Amino acid sequence: MNQPVRAPGIPIPFIDLAAQRRRLGRAVDDAIARVNDHCQFIGGPEVAQFEADLARFCGARYAVGCASGTDALLLVLMARGIGPGDAVICPAFTFCATAEVVVLAGATPVFADVIEDTFNLDAASVKRAVLTARRHGLKPKAVIPVDLFGLPADHDAIAEVAKAEGLYVLDDAAQSFGATYMGRKLGALAPATATSFFPAKPLGCYGDGGAVLTDDEELVSLLKSLRVHGQGADKYDNVRIGMTSRLDTIQAAVLIEKLKIFPDEIEARERIARRYAQGLDGVAGIPSVPDGLTSVWAQYTIRLKPSLRDGLALKLKAEGIPTAVYYPKPLHRLEAYKRFPVVDNGIPVTDRLAGEVISLPMHPYLDAPTQDRVIQAVRAALIS
Ligand SMILES: *Cc1c(COP(=O)(O)O)cnc(C)c1O
């Protein structure tokens, strides 16, 4: 391995947004300045342009911008009229927002298990969760597969179960926009896909933002109404209960510029993931990508014996290398969510993964010498 260029112990970032800003140069500053000049901070021309760019990028017919990834999920549930008495099946191994929106909509999340090798929703567990929902007197209405850590879920298998059980599929691609499944990008797969532009996501803005991708024209008109207080013919003709959830013009302007370099960043992430795999295979459980899929590597998450995890994190921290555990507690074990039903035969895979996973620094600007420092530190900590 190469000699590290930085002295050991100098802290490195987990995600380096400053490096991305240096690469973007004046493009983003100029884009923001143009918005400052025209002053259309809400609904400015950049919003429609970004929506068109985003839809074209992923091959969906429409993109509808909104205020966050959480709102993108919630707006779709609202548009579908999902509410009290309805069940929405979610993986238990995800960020809380996936299930939070179900509760906000008045419906009940039912937690299903994930697949060991991909961390993503298990279609067989979804099928069982439908029975669990019915046993609780709920009407199973939808499933929210999550494309965790950048990797698409098993969309064909989930679509098959959804079709058989009459479930609407709302894809949570907050961590994985840009990833592909059998040659198609997320956003063009499910009837509706939600994504997030939170700064740390693969395609992030400079604040909060989100979008829904879909081919469904009727859904688009509902979403556009719901994101502005349920507006009808105009803003003061309110025909349904909605919310305030627009994508700010400045964020759209930032995203237009960032989308231009996104394909290049995805390639860099792939190269960095391959280098981690080469350096860590045999030392820790490295992530696998099923045939026909690509990941955008929102996280590079390895697996260890639970007894080794805290020690590894401490040793890396002492060397200035940050790590993170996504997610130490699965949703069904969180205070706010433990009252909701869990699929009848339990969630053993999720429970096991929560004890084993740890994520390493991952972003498109992680240079080879710095990455080698991470790899060497992990190897030194685990091979003793
Ligand atoms: C980040 C995230 C969200 C929410 O996105 P925000 O833009 O932060 O609201 C939803 N689901 C998953 C899986 C996420 O990682």
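1. Contact here means heavy atoms within 4.5 Å. On that definition, 41 residues of domain 1 touch 39 residues of domain 2. The model is a predicted one, in which local features need pLDDT of at least 70 and side-chain atom pairs count only at pLDDT 80 or more, while totals for chains, interfaces and linings use all residues. Residues are numbered from 1 along each chain as its sequence is written, and side-chain values use heavy atoms, with hydrogens and water left out.

2. The chain is split into domain 1 (22-112 + 119-257) and domain 2 (262-383), with bounds taken from an automatic or database domain assignment. The C-alpha centres of the two domains are 25 Å apart.

3. Between them, domain 1 and domain 2 bury about 3300 Å², 67% of it on carbon and sulfur atoms. Buried area is the accessible area (1.4 Å probe) that two parts lose on being put together, summed over both. Of the area that domain 1 buries against domain 2, Phe93, Phe111 and Phe149 supply 23%, more than any other three residues.

4. Phe149 lies in the loop between β4 (139-143) and α7 (155-165). Helices (H or I, at least four residues) and strands (E, at least two) are DSSP runs, numbered from the N terminus.

5. The largest pocket has a volume of about 470 Å³. A pocket is an open set of points on a 1 Å grid over the protein atoms alone, where a 1.4 Å probe fits, with protein on both sides within 12 Å along at least five of seven lines; lining residues have an atom within 4 Å of a point. Grid points are joined across faces, edges and corners, and the volume is the space filled by probe spheres set on the points.

6. Both domain 1 and domain 2 give residues to the lining of the largest pocket, so it lies between them. The lining has 27 residues, with Phe95, Gln175, Ser196, Phe198 and Lys201 nearest the centre. At least two lining residues come from each of α4 (69-79), α5 (97-104) and β8 (192-196).

7. Three strands form an open antiparallel sheet in the order β7-β6-β10; strands pair if DSSP finds at least two bridges between them. The edge strands, β7 (184-185) and β10 (293-294), each pair on one side only. Thr180 stands opposite Lys185 in β7.

8. The peptide bond from Tyr326 to Tyr327 is cis, with omega near 5 degrees. Tyr327 is in the loop between α10 (306-318) and α11 (348-356).
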